[in-house]
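These are my notes from going through one model.

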Amino acid sequence: MTVPSPAGPLVVGVSGASGAIYAVETLRALQTARVPVHLVVSRAALRTLELETDTRPEELHDLATAVHEAGDLAAPISSGSFRTRGMLVVPCSIKTLSGIAHSFNDNLVVRAADVCLKERRRLVLMVRETPLHQGHLEMMARVAGLGATVLPPIPAFYHRPDSLRDIVRQSVGKALDQFDIDHDLFRRWEGG
């Protein structure tokens, strides 16, 4: 059972799954909401960012309060004594999901997620992969059993999106809702 986390920085981990645009829009939304962010970006995520967007790593860094290297297992976010409101991994690759599911703390994205689980803080994983085989599904069930929320970026259409950005922002908004962060990223359903 996850308990409410203290107000404080949100840890944002970016892994190498396709969907770097979700990370960019998340960081923009958190800056608008004035939420302090501790950012960690995997090496694979840097490559995906380059392949999928025109956003440079420095631009991501500028949207964060603090930036930690993926290999720095001595960073503050690697310890439960460093209080945060939780962590969002956006996007979350199957490799990162596997590391979290099995506490294989070989990089800071996985270690910070493991800290959230052990400290009973919110952990939201925007898992990006399709189709899913049984192993993927079992790892999702495993992390959900450990206290994480699995939130694949599956678009809704009731808000009648006009653009790719509208679709992305709706998924990002759903993730920020998990942390009770106010936003106006999409029009909420008010009944038919």
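Is Asp-180 buried or exposed? I found Asp-180 exposed, with a relative accessible area of 63%. I use buried for under 20% relative accessible area, exposed for over 50% and partly exposed for values in between, with a 1.4 Å probe and protein chains only.

**Ground rules.** The model is predicted, so I note that local features need pLDDT of at least 70 and side-chain atom pairs count only at pLDDT 80 or more, while totals for chains, interfaces and linings use all residues. Residues are numbered from 1 along each chain as its sequence is written, and side-chain values use heavy atoms, with hydrogens and water left out.

Most residues other than glycine have a negative phi, and most peptide bonds are trans. I listed some exceptions. Asp-180 is not a glycine, yet its phi is positive at about 55 degrees. I located Asp-180 in the segment after helix H7 (164-177). Helices (H or I, at least four residues) and strands (E, at least two) are DSSP runs, numbered from the N terminus.

Arg-120 also has a positive phi, about 60 degrees, without being a glycine. I placed Arg-120 in the loop between H5 and S5. Arg-120 counts as partly exposed because its relative accessibility is 43%. Arg-34, which follows H1, has a positive phi near 60 degrees as well.

I then checked two peptide bonds. The bond from Val-90 to Pro-91 is cis, with omega near -15 degrees, and Pro-91 lies in strand S4. Thr-130 and Pro-131 are joined by a cis bond too, with omega about -10 degrees. Pro-131 sits in the loop between strand S5 (122-127) and helix H6 (134-146).

**His-68.** I found His-68 in strand S3 (residues 66-69). His-68 counts as buried because its relative accessibility is 11%. Its side chain makes a polar contact with the side chain of His-38 at 2.7 Å. By polar contact I mean a pair of N or O atoms within 3.5 Å; within protein, one must be able to donate a hydrogen and the other to accept it, and residues adjacent in sequence count only if both atoms are side-chain atoms. Leaving aside neighbours within four places in sequence, the residues in contact with His-68 include Val-40, Ala-75, Ile-77 and Leu-108. Contact here means heavy atoms within 4.5 Å.

**His-183.** His-183 is in the segment after H7. I noted a polar contact between the side chains of His-183 and Arg-188 at 3.2 Å. A polar atom of the His-183 side chain also lies 3.2 Å from the backbone nitrogen of Leu-185. His-183 and Leu-30 are 153 residues apart in sequence but 8.7 Å apart in space, C-alpha to C-alpha.

**Arg-85.** I found Arg-85 in the loop between S3 and strand S4 (86-92). Its relative accessible area is 17%, so Arg-85 is buried. Its side chain reaches the backbone oxygen of Gly-8 at 2.8 Å. Arg-121 is 36 residues away from Arg-85 in sequence, and the C-alpha atoms are 6.8 Å apart.

**Helices H1 and H5.** H1 (residues 20-32) has 13 residues and reaches 19 Å from its first C-alpha to its last, close to the 18 Å expected. The expected span is 1.5 Å times one less than the number of residues. H5 is mostly covered, with nine of its 11 residues buried; Asp-114 and Cys-116 are among them. I noted that Asn-107 caps the N-terminal end of H5, with a side-chain oxygen 3.0 Å from the backbone nitrogen of Val-109.

**Largest pocket.** What lines the largest pocket? I found 17 lining residues, of which Ser-42, Lys-95, Thr-96, Asp-106 and Asn-107 lie nearest its centre. Helices H2 (43-52), H4 (94-101) and H5 (108-118) are the elements that give two or more residues to the lining. H4 gives the largest share, four residues. The space in the largest pocket is about 340 Å³. A pocket, on a 1 Å grid over the protein atoms alone, is an open set of points where a 1.4 Å probe fits, with protein on both sides within 12 Å along at least five of seven lines; lining residues have an atom within 4 Å of a point. The volume is the space filled by probe spheres set on the points, which are joined across faces, edges and corners.
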